[in-house]
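This report walks a new reader through a few features of one structure, from its backbone to its cores and a helix pair. Please keep the sequence and the model in view while reading.

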Amino acid sequence: MAQLLDERDLGVLTSVMSLFVSLVSNNAEAYWNCLPKCVRILERMARNQDIPQEYTYYGIPSPWLQVKTMRALQYFPTIEDPSARRALFEVLQRILMGTDVVKNVNKNNASHAVLFEALALVMHLDAEKEMMSQCVALLGKFIAVREPNIRYLGLENMSRMLLVTDVQDIIKRHQAQIITSLKDPDISIRRRALDLLYGMCDVTNAKEIVEELLQYLNTAEFAMREELALKAAILAEKFAPDLSWYVDVILQLIDKAGDFVSDDIWYRVVQFVTNNEDLQPYAAAKAREYLDKPALHETMVKVSAYLLGEYGHLLARRPGCSPKELFTIINDRLPTVSTSTVAILLSTYAKILMHTQPPDAGLQQQILAIFKKHESYIDVEIQQRAVEYFELSKKGAALADVLAEMPKFPERESALLKKAEDAEVDTAEQSAIKLRSQQHTSNALVVADHPPVNGPAPAANHLTLVKIPSQNIAEESHVSYEETTVEAPKENGAPVEVESKVENITETNIQSKVEPPTSHPVSQADLLADLLGPLAIEGPPAAVEQNPVQGLEANQSPVGDLALATLEDQSNSVQPIVNVEEKFHVLCMKDSGVLYEDPHIQIGLKAEWRAHHGRLILFLGNKNTSPLVSMRALILPPSHFKVELSSVPDTIPPRAQVQIPLEVTNLRASRDVAVLDFSYKHGTVLVNAKLRLPIVLHKFLLPTTLTPEDFFPQWKTWNVQPLKIQEVVKGVKPLPLPEMANLLMSLHLAVTPGLDTNPNNMVACATFYSETNRTTLCLVRVETDPQDRTQLRLTVASGDQYLTFELKEFIKEHLIDIPITHAAPPPAPQQPQLPPAAAAGAPGTYNDPGAILAGLL
């Protein structure tokens with residue numbers, strides 16, 4: 001094959017390339033020596049060298065050969081040769097720069113075929129951000145042209161670009177044009193625009209996108225309304241800035257597109273309202289408002305009746321919300337609804353009757369008459385409810401116990417996400433959702449499947465998704481299994497073991513509960529204190545009394561940066577050929593690379609992060625010509641993570657690679673890291689290693705820029721320990737201010753100049769994402785001493801004491817030269833007291849009154 005790729009005749013070479021694409025799609029490992037020759041073929045095409053006229057189509061040198069060659073290169077995981085990679089990127093750059101929209105349709109078709117294959121190769125090779133920006137800019141031109149085919153391809157390929165790290169912000173620049181595409185006459189383009197908006201949505205633009213989708217519901221054709229309503233509901237749930245906005249969106253959705261809103265959507269909003277007490281009066285009040293409308297969809301009647309039955313008593317003092325008025329307005333809908341809704345209304349009447357204190361005889365007679373009337377109803381469900389509610393109403397005070405408020409629902413993954421993936425679209429293969437799942441498996445080597453001569457391949461080669469709950473589990477999971485066992489987590493945090501032949505695993509109601517910290521009253525700030533001034537609540541680190549706070553784990557052993565997990569020394573005869581510690585630190589700052597490598601196996605990692613969720617793919621590659629057997633892997637998850645790991649095949653064939661997806665949900669702030677414990681056999685040698693996974697705190701931070709009007713009120717609100725913690729950090733790397741700013745930005749903190757008038761100080765902000773609190777704002781201030789760069793004062797503030805402490809320690813680890821011992825969390829907040837040095841006004845310290853006055857804004 002290598003000799004055939006040297007062929008000069010383009011007709012023969014095009015046929016050879018067709019064969020080559022088929023071969024590398026099955027086993028790219030065997031054809032590494034052909035990769036440089038493919039790059040040379042593309043160089044020849046790009047420079048138009050020795051290309052006969054009969055192979056030039058509308059001025060484009062053999063577009064078919066270019067497309068096939070770039071398709072073949074996408075089956076190789078990467079190109080490590082610097083010269084080949086540089087030459088290939090020059091070719092791709094030339095294609096990107098030389099492609100534009102022209103009037104000739106045939107030339108457009110040929111040039112765009114080459115361009116879109118080049119875009120796919122750029123994404124596959126994870127090119128530099130500048131080239132990615134260029135690709136997005138080019139696609140932005142395409143979605144604005146008149147030709148519908150080109151607009152369609154532009155939107156589709158922009159959806160593919162969403163999978164690339166750090167490109168989403170660039171795509172957001174074209175948000176207005178993408179929203180305009182929702183009104184395109186072609187329904188295929190409208191579907192692609194909807195998929196793209198769904199994929200690019202995050203907390204920064206969710207409100208705008210969801211509002212646009214709600215407006216579009218008024219004019220959207222019936223073929224799209226169900227998918228549109230489903231995606232709007234999912235986006236509102238995932239990225240709601242506050243839960244009241246989420247309730248508003250869902251109720252608007254039901255009001256505008258009730259026929260296309262499935263029961264799953266209103267079930268979900270009921271779950272949120274039930275689980276959040278602060279939301280209950282607001283949701284009930286909104287439901288009451290909708291019932292005043294003359295025309296109301298039946299789904300709105302259901303959700304309004306349920307909410308008012310459960311929480312209508314919270315509105316009793318509001319005008320028009322007395323129990324009798326609520327009953328009257330709900331009962332007006334009774335003759336117009338179906339039997340399933342009648343059942344809900346009967347339950348609502350029973351709840352209203354129970355909440356009416358003191359009892360209203362007239363209201364009681366009305367409700368009992370309705371129950372009596374339905375005792376002989378033809379539907380058995382309604383008949384049973386009517387009979388039982390009638391008898392229960394005679395219980396008097398005991399009725400309150402029987403019809404008590406519904407308990408909180410267990411936290412579970414939204415059923416809407418699964419429903420969205422199954423939603424029917426016009427071109428299933430090209431829908432954005434299915435593209436995402438396909439791309440995750442096509443970005444690396446395909447598993448080389450070598451079936452044995454005498455029979456089919458073993459079942460172990462099939463990956464089975466196994467959910468691994470975190471350590472805090474309220475309800476035991478019920479597991480049915482065959483041949484092997486999945487162990488339940490132990491109380492002491494023992495790992496869940498994933499065996500290779502799990503065939504059937506069923507889970508019910510696995511949940512992790514994290515108790516929120518006890519809230520403490522905020523003391524009045526000193527009127528003379530600078531908003532950014534020192535709190536003087538903490539002296540040097542040695543002066544702080546270390547007392548653990550409930551809910552925070554402390555680890556006193558000195559370990560490497562970013563990790564609290566202690567890794568045991570390995571006594572393997574097979575040692576890694578890379579610096580594992582260095583690879584871990586590199587991956588803490590990047591989202592793809594090599595995690596581990598020894599003479600037999602290489603483990604790579606690729607990750608993407610969105611809010612408090614992370615998706616990682618582990619690439620396990622067998623470097624040998626003999627198989628690796630007895631593969632086992634398990635995750636040692638810290639308590640603040642929920643982890644889902646796919647099972648590992650028992651055997652990795654020779655020169656093959658398997659992909660192991662790993663889903664992570666961040667429950668709360670912590671510096672603990674998950675550990676991958678894996679082992680395998682090569683021949684008779686058993687190799688075992690424990691690797692820290694680069695799932696660190698700053699992966700869940702989003703840089704946030706605040707104006708002074710937003711920053712200072714928040715800074716002052718948190719002016720009490722432990723919501724705001726200060727520490728004088730010594731042994732700091734003597735970095736110039738620009739390098740220190742770069743360090744903070746690498747930790748996903750947005751440095752905001754101008755908030756502190758002292759040029760030696762820096763202020764940074766970020767938003768932290770966790771399942772417990774959803775979003776939490778974090779504020780950081782670094783005060784440096786120009787006379788002594790080896791020490792500084794670090795102040796961290798947030799609305800959560802756990803987050804404040806963990807973030808302070810996390811930043812400190814990156815500022816000092818030597819690894820530190822992880823300190824215990826701070827004690828419960830007390831009245832701020834100046835340490836002795838500060839009380840005496842000792843000169844030359846951060847507590848020097850002169851230094852404090854100099855920092856006043």
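In which loop does His748 lie? His748 lies in the loop between helix 26 (737-746) and strand 15 (750-751). The model is predicted, and everything said here should be read with that in mind.

**Backbone features in loops**

The phi angle of His748 is near 65°, which is a positive value in a residue other than glycine. Ser62 also has a positive phi, near 35°, and is likewise not a glycine. The loop that holds Ser62 runs between strand 2 (60-61) and helix 3 (63-73). As for accessibility, Ser62 is buried, with a relative accessible area of 1%, whereas His748 is partly exposed, with a relative accessible area of 27%. The table sets out these two residues.

| Residue | Phi | Relative accessible area |
|---|---|---|
| Ser62 | near 35° | 1% |
| His748 | near 65° | 27% |

Another backbone feature is found at Gln721 and Pro722, which are joined by a cis peptide bond with an omega of about 10°. Pro722 is placed in the loop between helix 25 (708-717) and strand 14 (724-730).

**Nonpolar cores**

The largest nonpolar core has 155 residues, and those with the most contacts inside this core are Phe20, Ile178 and Tyr349. When neighbours within four places in sequence are left aside, Phe20 is in contact with Met1, Leu5, Tyr31, Cys34, Cys38, Ala72 and Phe76.

How do helix 4 and helix 6 run relative to each other, roughly parallel or roughly antiparallel? The axes of helix 4 (residues 82-98) and helix 6 (residues 129-142) come within 11 Å and cross at roughly 25°. Because angles under 35 degrees count as roughly parallel, helix 4 is roughly parallel to helix 6. The crossing of these two helices is left-handed. On the side of helix 4, the contact is made by Phe89, Gln93, Leu96 and Met97, while helix 6 brings Met131, Gln134, Cys135 and Leu138 to the contact. Sorted by class, the contact of helix 4 with helix 6 has six nonpolar and two polar residues, and no charged ones.

Terms used
Residues are numbered from 1 along each chain as its sequence is written. This is a predicted model: local features need pLDDT of at least 70, side-chain atom pairs count only at pLDDT 80 or more; totals for chains, interfaces and linings use all residues. Side-chain values use heavy atoms; hydrogens and water are left out. A nonpolar core is a set of buried Ala, Val, Leu, Ile, Met, Phe, Trp, Tyr and Cys residues joined through side-chain atoms within 4.5 Å. Buried means under 20% relative accessible area, exposed over 50%, partly exposed in between (1.4 Å probe, protein chains only). Contact means heavy atoms within 4.5 Å. Axes are lines fitted to C-alpha atoms, for helices over the stretch in contact, and angles run from 0 to 180 degrees between N-to-C directions. Helices (H or I, at least four residues) and strands (E, at least two) are DSSP runs, numbered from the N terminus. Angles under 35 degrees count as roughly parallel, over 145 as roughly antiparallel, 65 to 115 as roughly perpendicular and the rest as oblique. A crossing is left-handed if the near helix is turned anticlockwise from the far one by less than a right angle, and right-handed if clockwise. Ala, Val, Leu, Ile, Met, Phe, Trp, Tyr, Cys and Pro count as nonpolar, Asp, Glu, Lys and Arg as charged, and the others, Gly among them, as polar.
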